[in-house]
Amino acid sequence: MREGLQERYRIAVDLGLALGVRQGEALGLAEEDFDFMAEVVHIRRQLRWDGKGRPYFCLPKGRKTRDVPLPPNLARRIRLHFQLFPPVECTLPWRNPEAPTTELEERQRKPITVRLVLSTSHGLRINPGTWNERSWKPALVAAGVLHQIGEKAESYGSRVRLYPVYERSWPDMFHVLRHTFASVQLEAGESFVSVATWLGHSSPRVTLDYYAHFMPGAGWPRWTGGSCDAGSKVPKKSLALCPVP
């Protein structure tokens, strides 16, 4: 499926698999978020679009930032991506695209500038809706995961253009990469507390509810007084297993 994407977009699959980021977080990642010396990626923002089609930056889901380990394979691929497709400077409002009406809103919505890792061939930030329809789904079709079920016509002045219509398949959208990241980490024996932190979950319980069956032995940890006993041995090599195809 990765091979079915344009070359400039293939790194998106690597980001999802190796970092467990949500789609908006991947689209909001900037060059300065990658700390190669410390081997960590700072998840500090997401790229959102409002109902009127206006883009803006805001905090990740849950309104908190987080750090995720940077696997060596991803570090090599992201460096190559930077060479082939240099990051694009992008300035957008923070938190809300509406024009501020008070001094407080003006401070809260002050635009920020970052150098985006992912951008279109025209050097623009990516609209996830358009990207899903024009890039992600065709790649799924090429891999035999998704099927085209028809066509739709859209008018542009005197011109009419046909676009494919695909079957609905939410489990195969970008979020599946996040699930893969979590399941591989837990199957490798990584601490579910660490995985919860990397995913940005509000608590380890959320991680357990989704992914407990991937843990070795498929057993539930023992919870005591709101905390959990996950054992004392956490394999450090599991980070090297992060799946970058």
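Reader: Which residues in helix 3 does helix 1 meet?

Author: This is a predicted model. On the side of helix 1, the contact is made by Ile11, Asp14, Leu15, Ala18 and Leu19. Their partners in helix 3 are Leu74, Arg77, Ile78 and His81.

Reader: How do the residues of that contact divide into nonpolar, polar and charged?

Author: The contact of helix 1 with helix 3 includes Leu15 and Ile78, along with Asp14 and Arg77. Its residues divide into two charged, one polar and six nonpolar.

Reader: Is helix 1 roughly parallel or roughly antiparallel to helix 3?

Author: The axes of helix 1 (residues 10-19) and helix 3 (residues 72-84) come within 11 Å, and they cross at roughly 155°. Angles over 145 degrees count as roughly antiparallel. Helix 1 is therefore, relative to helix 3, roughly antiparallel.

Reader: How many residues of helix 1 are buried?

Author: Buried means under 20% relative accessible area. The buried residues of helix 1 include Ile11, Asp14 and Leu15, which also meet helix 3. Helix 1 is largely enclosed by the rest of the structure, because the buried residues number nine of the 10.

Reader: Is Ser169 buried or exposed?

Author: Ser169 sits in the loop between strand 9 (159-166) and helix 6 (175-187). Its relative accessible area is 18%, and the cut-off for buried is under 20%. Ser169 is therefore buried.

Reader: Which side chain does the side chain of Ser169 make a polar contact with?

Author: A polar contact needs a pair of N or O atoms within 3.5 Å. For Ser169 the distance is 2.4 Å, and the partner is the side chain of Asp172.

Conventions: Residues numbered from 1 in each chain as written. Predicted model: local features only at pLDDT ≥ 70, side-chain atom pairs only at ≥ 80, totals over all residues. Heavy atoms only, no water. Axes fitted to C-alpha atoms, helices over the stretch in contact; angles between N-to-C directions. Helix = DSSP H or I, 4+ residues; strand = E, 2+ residues; numbered from the N terminus. Parallel < 35°, antiparallel > 145°, perpendicular 65-115°, else oblique. Contact = heavy atoms within 4.5 Å. Nonpolar A, V, L, I, M, F, W, Y, C, P; charged D, E, K, R; others polar. Buried < 20%, exposed > 50% of the residue type's maximum accessible area, 1.4 Å probe, protein only. Polar contact = N/O pair within 3.5 Å; in protein donor to acceptor, adjacent residues only side chain to side chain.
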